[in-house]
Amino acid sequence: MNKKILIVVAFIIGLGTITAQESRYGMRIGANLSSINSDDLIDELDDSRIGIAVGFFADYVLKDKFRLQPELQFSAQGNKEEEVQVNYLQLPIVVKYEFSDWFNVHLGPQVGLKIWEWEDNTQAEADFSTFDFSALIGIGGNITDNFFVDLRYAFGITNVFEESDGAQIDLDGNNSTIQLSVGYRL
């Protein structure tokens, strides 16, 4: 886990060395359809959760049709039942390729810091990990020069549950989130 944190920190420091020709800032808000993919959860805890995502971003031109968009966002994730709900403060770092003035594809890593989990998670029998690492891929469209819409899929790379000492079972699962959002660039 320490290697992953060092890689993310090095990447963030590298963002400061970008000589951007044009930079813009803005905010985005959207809805998540999320679930924890796990064979270890009982069937009653499997239903997807509809949550909110809201955040701020910077948008930098890298070269030609490539853009870099680091973000900071709140994201409500997990499953429908309270026992398996978790909220994150996330840092997606998105690289975009613009096919035209109105259409792009994007991908990148995303690190999440758990900021809330349901306190009485006796049915889930485990606590959530502090950090969540995901990869995301998406498409976006510019409605105007300032307004845009995007659709993303983020899939968890790490186990969302902490390994517990002395527990009868260790749960294994990862986040899966579809996010539809609208945004505004200043």
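## A barrel of eight strands

K63 stands opposite F66 in β3, and that pair is a handy way into this predicted model. Eight strands close into a barrel, in the order β1-β2-β3-β4-β5-β6-β7-β8, with antiparallel pairing. On average, neighbouring strands of this sheet are turned by 25° against each other, direction ignored; the axes are lines fitted to C-alpha atoms, and angles run from 0 to 180 degrees between N-to-C directions.

**Reading the model**
- Residue numbers start from 1 along each chain as its sequence is written, and side-chain values use heavy atoms, leaving out hydrogens and water.
- As this is a predicted model, local features need pLDDT of at least 70 and side-chain atom pairs count only at pLDDT 80 or more, while totals for chains, interfaces and linings use all residues.
- The chain has a mean pLDDT (the predictor's confidence in each residue, from 0 to 100) of 87, and 82% of its residues reach 70 or more.
- Confidence is lowest in helix α1 (residues 2-15), with a mean of 57, and highest in β7, at 98.

**How the strands link up**
- Helices (H or I, at least four residues) and strands (E, at least two) are DSSP runs, numbered from the N terminus.
- Two strands pair if DSSP finds at least two bridges between them.
- Strand β1 (residues 23-37) is joined to β2 by 12 bridges, and 12 bridges also join β1 to β8.
- R28 has a bridge partner on each of these strands: G55 in β2 and G183 in β8.
- Strand β2 (residues 49-63) runs antiparallel to strand β3 (residues 66-78), with eight bridges between them.

**The loop between β2 and β3**
- D64 is found in this loop, and D64 is exposed, with a relative accessible area of 69%.
- Exposed means over 50% relative accessible area, buried under 20%, and partly exposed in between (1.4 Å probe, protein chains only).
- Most residues other than glycine have a negative phi.
- D64, though, has a positive phi near 50°.

**A nonpolar patch on the surface**
- L33, I50, L107, I137, I139, L151, Y153, F155, I178 and L180 form this patch, with about 930 Å² of accessible area together.
- Nonpolar side chains (Val, Leu, Ile, Met, Phe, Trp, Tyr) are joined within 5 Å, like charges within 9 Å, and patch residues have over 30% relative accessible area and no salt bridge.
- A salt bridge is a side-chain nitrogen of Lys or Arg within 4 Å of a carboxyl oxygen of Asp or Glu.
- Accessible areas come from the Shrake-Rupley method with a 1.4 Å probe; for residues, only the protein chains shown count as cover.
- β7 gives the largest share, three residues.
- L151 lies in β7 and counts as partly exposed, at 38% relative accessibility.
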